[in-house]
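I opened this one to see how its chains meet. My notes follow, in the order I looked things up.

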Amino acid sequence: MIDFILGHYVYWAIIALLIIGLYGMIFKNNLAKKLIGMTIFQVAIIMFYVASASKWAATVPVLDTALGAAEAAKYISPLQHCLMLTAIVVGVATSGVAFALVISIFRTYKTLTESVLLERMKSS
Amino acid sequence: MIINNSPALAPLLLLAAAISIPVLALLSKRLAYLTAIATSLVATAVSVLNLWRVWESGPLRYHFGGWTPPIGIEYVVDPLSAFVALVVNAVALVVLWHAMGLADEEIAGRAVPYYSLVLLLLCGANGMILTGDLFNLYVFLEIFSLACYGLIGIGEKQAAVASFRYLIMGTVGASFYLLGLGFIYIVTGSLNMADLRNILPLVYGNPAITAGLTLIVVGMGIKMAIFPLHGWLPDAYTYAPSTTSALIAPLGTKVAAYVIIRVLFYVFDAGYVSGALPMTDFIAWLAAIGIIYGSVLAIAQNEMKRMLAYSSVAQIGYIGLGIGMANPFGFIGAVLHIVNHAFMKGTLFLVAANLRKNSGHSDIARLDAAYRKKLPWSMAAFTLAALSMIGLPPTAGFFSKWYLALAAVDKGNWVFLAVILVSSLLNAVYFFRILERVYLLPPPAGEKEGEGFPLKSKTGAGLGLGEEKWGLMIPACVLSFCLLLLGIGNAGIVKGVIQRIIPIGM
Amino acid sequence: MLKYKYNPIILMVSRVVSPFIMLFALYVIFHGHYSPGGGFQGGTLLAASLLLIRLAAGSEIAQLQFRSVLGTPLGSLGVLIYFGAGFTALLFGGQFLNYGFLPVAGLTAAELRSLGILMVEIGVGLAVMAILVAIYDDLLEGYQDD
Amino acid sequence: MKAVNHLLLIFFGALLIYASLGLPNRGDSEAVMHREKSPAGSPGASSYYIRNAYKDAQTPNMVTVILADYRGYDTLGEETVILTAGLICYLILRRNGTSSRRREETGEEGADAQI
């Protein structure tokens, strides 16, 4: 039971982070705070992949001649790290577009709180 | 060289053109549109070549970088993906052709980034349809979604808010997909669809697999705007500029529906998905509620684009129903409805764009017989598309509803059969309401023929009085004529393409 | 509104530090083969050095360092370099992105691939730098108007 | 509506906890994804990369090899994602294509052209 907990407590921590991110996106009234929730959600998924890639007593996936022949047990799995470079870049791109939209909204409606925004949208 | 690289050629050409537009634009702004329409034409030709090659010699596999699948990424072109890619490129080509006549004011000053984004959107759609690797699908899903957020965001005043809501829900959907894929990768160790197909049956009992599948289906469900997850769709399609809504409405949700079909029936097998884990029944019941919900709300709308958006939610329900019933007829109905709805929604949104361009508004309450004289050909295209949405025999819409009804009978579920019939009735209500106004309601008394229109539409260049340039009218007629062709040639499509790819174990 | 306040200390320090960040960024891009690094990390560092001057000296003066109108075209150029590397492999008979078919004489297949990876890293670094600075300029541009 | 959202959040958390029970212990190198052969006999991707990255591309940093060579098409897609974000910011925030600085530079005459 102990090594089950030792092997899984990181996943539960990441699940908590995911729930916090989703909470921020759904319940926060301010658009900018929704973005913060979205970023937390994306970073939590990146952490999830990177956490799953690690192995006990294995080093960074850069070939080190001192370690001798390249065996799978000596290096952590490099595939997740490469996938997460893509996910980080997607997160940056989405945040950039989201901030462009937030500025465009603020320019037309002068507010970022959703309730006030919906009224102004209906009235105009 | 062209022939054996043809599977990868469509997305790459679109990407090459999208990159070169900002550089070419330094020469002249006009080049942006010309490059866009030329590349879309070439992409359609390449997808025709792909379909012909698949017809001749069975599925094609294309390994990027020369690496075999579990190591590298591969493109798989089988009859389903070749056919859907051809439909997507053809509809996009006609909408782009229509965009020349429209020349929206929203796009006037910013043609260069606009048409570059349109090409990136098509590159994302083609990449998602053709890919055989689940993570590569996520990357192209993001290109497609980002282009959608950008193209919607420049419309009317409220467009930025609608695009922001679409962005938040879309990113949640894509992140769910990535999370689900993470669970599946940790348990199976492979990202390639064909490879996963062999590994998954050995690990079906694992809770991570069921949760991963649920997350992927919910994530793509948000992109597909199936009933409870469709919150973003009505605002996004209504406030977007006319060309964008005419481009995204036929493509956006259909590509996500294709991905769900691909994951549910080709990565996981149909037996597991509908048997041990009642995923497809859950989708079917949600879709049935969505059909009724969408149709009822479409009746309640006054603005045409918002009505078409809600009718899109209902039509997506048909595709969800076809997927949910998980039997051969349901599969044929779903794939056929993806094709039919792409053409139907394309025509309807092009006519709505003509209405907005010609008379400045598209409110149903202000339509009357004068509009039939103003836009005779557009209204004819609208009527044909409306008949196809309702499902009258010669048009294509009838056949997909026919196969869905057969699937409901085959499954023995009378509730779904009732839902299909009742919703056809509801479709008839909200379309005849418009047709009756346009064809029967005499214009208000004080107004002489063609006197009440804003000055700019008096140029009468088209056939009818005040009908704008040919460029607006012909694309709508071409798309609606395709509906007739699809209806008549339906047996060929079903036997030739869809019959060959019914998933095993259905 | 974001009024630019002139501050000699910040200006002096950033003008001294920025070139060294750029140097380190180039090291990260080109050393991506042997140590953790590569196109993305290097490109972001390059963008950071440019943004440092934009923040410290205000965007009018920072035009001398990197004209903001260059943003999108340079980004397209970066992606074009990456696409070109893959397309030349296609033209010389291999599949797309198959660096084994690059037309460079005298190298074994593995060294050709290493060369292909280097070309790709340069394209990625250039594109990331140009686009991040372009996004910063547009966000500033959008906010300045009202 | 708030209650439904709370319920959704709790259901999402429960689904993830249930899923994490099925995952192998983090860090043991005998987990399915680290093995040389996948359960169905096809070569396991990540162990292939570790063993063959240097042999295939003369580059010690395996992540860069995967990024640019094995899964190079992913990175090209990623590049396109950045380019899309750049074009969108240009599209949404630039008023009809000319930046205000250019308007000031072109002085009065430029402003007339705008109106």
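Before checking a helix length, I noted that the expected span of a helix is 1.5 Å times one less than its number of residues. I also kept in mind that this is a predicted model.

**Helix 6 of chain B.** I took residues 134-152, which make up helix 6 of chain B, 19 residues in total. At 1.5 Å a residue the helix should span 27 Å, and I found its end C-alpha atoms 27 Å apart, so the two agree. Then I asked how many residues of helix 6 of chain B are buried. The count came to 19 of the 19, so the helix is largely enclosed by the rest of the structure.

**Chain B against chain C.** I looked up this contact next and got 13 residues from chain B and 13 residues from chain C. On the chain B side, helix 1 (6-24) and strand 1 (60-63) are the elements that give two or more residues. Helix 1 of chain B supplies the largest share, 7 residues. Sorting that side by class, I got 9 nonpolar and 4 polar residues, with no charged ones.

**Chain D against chain B.** Here 37 residues of chain D touch 47 residues of chain B. Which elements of chain D give two or more residues to this side? I listed helix 1 (2-21), helix 2 (45-57), helix 3 (62-70) and helix 4 (72-93). Helix 4 of chain D gives the most, with 14 residues. By class, I have the chain D side down as 22 nonpolar, 10 polar and 5 charged.

Conventions. Residues numbered from 1 in each chain as written. Chains lettered and ligands numbered in written order. Predicted model: local features only at pLDDT ≥ 70, side-chain atom pairs only at ≥ 80, totals over all residues. Contact = placed C-beta atoms within 7 Å. Helix = DSSP H or I, 4+ residues; strand = E, 2+ residues; numbered from the N terminus. Nonpolar A, V, L, I, M, F, W, Y, C, P; charged D, E, K, R; others polar. Buried ≥ 20, exposed ≤ 12 C-beta atoms within 10 Å, placed from the backbone.
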